[in-house]
Amino acid sequence: MTHRTTPAPRICGNCDGFASVAITLGGRDPRGHLRTITANCPACNGLGVTRSHRNREGARA
Ligand SMILES: [Zn+2]
């Protein structure tokens with residue numbers, strides 16, 4: 001049985017790891033660049049990974 005000392009980061013299930021995306025708004029600005037906005041995953045705040053909400057260390061009496 002293996003034991004990990006540090007838990008591996010879990011890929012965010014809401015964004016599947018793609019936490020930050022650029023969304024095109026359509027059209028281009030006067031310089032010819034695509035107009036985009038950046039959206040971060042609200043579940044992981046753009047990190048792409050989720051952390052366990054349980055704190056095992058704190059659960060010890
Ligand atoms: Zn996410």
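1. Leu-34 is exposed in this predicted model, because 11 other C-beta atoms lie within 10 Å of its own, and a residue counts as exposed at 12 or fewer. The place of Leu-34 is in strand β3. Once its neighbours within four places in sequence are left aside, the residues in contact with Leu-34 are Thr-24 and Arg-28. The C-alpha atoms of Leu-34 and Ile-23 are 9.7 Å apart in space, with the two residues eleven apart in sequence.

2. Thr-36 also belongs to strand β3, which covers residues 34–40, and Thr-36 is exposed because the number of other C-beta atoms within 10 Å is 11. Its contacts, leaving aside the neighbours within four places in sequence, are Ala-22, Ile-23, Thr-24 and Leu-25. For one of these, Ala-22, the C-alpha to C-alpha separation from Thr-36 is 5.9 Å, although the residues stand 14 apart in sequence.

3. β2 and β3 form a hairpin with five residues between them, and in the turn Gly-32 has a positive phi of about 90 degrees. In a regular strand the side chains alternate between the two faces of the sheet.

4. How many of the nine residues of β2 are buried? The number is zero, so β2 lies largely in the open. For the protein chain as a whole, buried residues make up 7% of the 61 residues.

5. Two residues that are not glycines deserve a look for their backbone angles. Asp-16 has a positive phi of about 55 degrees, and its place is in the loop between β1 (10–11) and β2 (20–28). Asp-16 is exposed, because 10 other C-beta atoms are found within 10 Å. Asn-45, likewise not a glycine, has a positive phi of about 60 degrees and lies in the loop between β3 and β4 (49–50). Asn-45 counts as exposed because it has 11 C-beta neighbours inside 10 Å.

6. As to the overall arrangement, the protein chain has one helix and four strands, and when read along the sequence these follow the pattern β-β-β-β-α. Among contacts between residues at least 6 apart in sequence, 51% join residues that are at least 24 apart.

7. The confidence values should be read together with the points above. The protein chain averages a pLDDT of 83, and 77% of the residues score at least 70. Which element has the lowest mean pLDDT, and which the highest? Among the elements of the protein chain, helix α1 (residues 56–59) has the lowest mean, at 55, whereas β3 has the highest, at 94. Leu-34 and Thr-36, discussed in the opening points, both lie in β3, the strand with that highest mean.

Technical notes: Residues numbered from 1 in each chain as written. Predicted model: local features only at pLDDT ≥ 70, side-chain atom pairs only at ≥ 80, totals over all residues. Buried ≥ 20, exposed ≤ 12 C-beta atoms within 10 Å, placed from the backbone. Contact = placed C-beta atoms within 7 Å. pLDDT = per-residue confidence, 0-100. Pairing = 2+ DSSP bridges.
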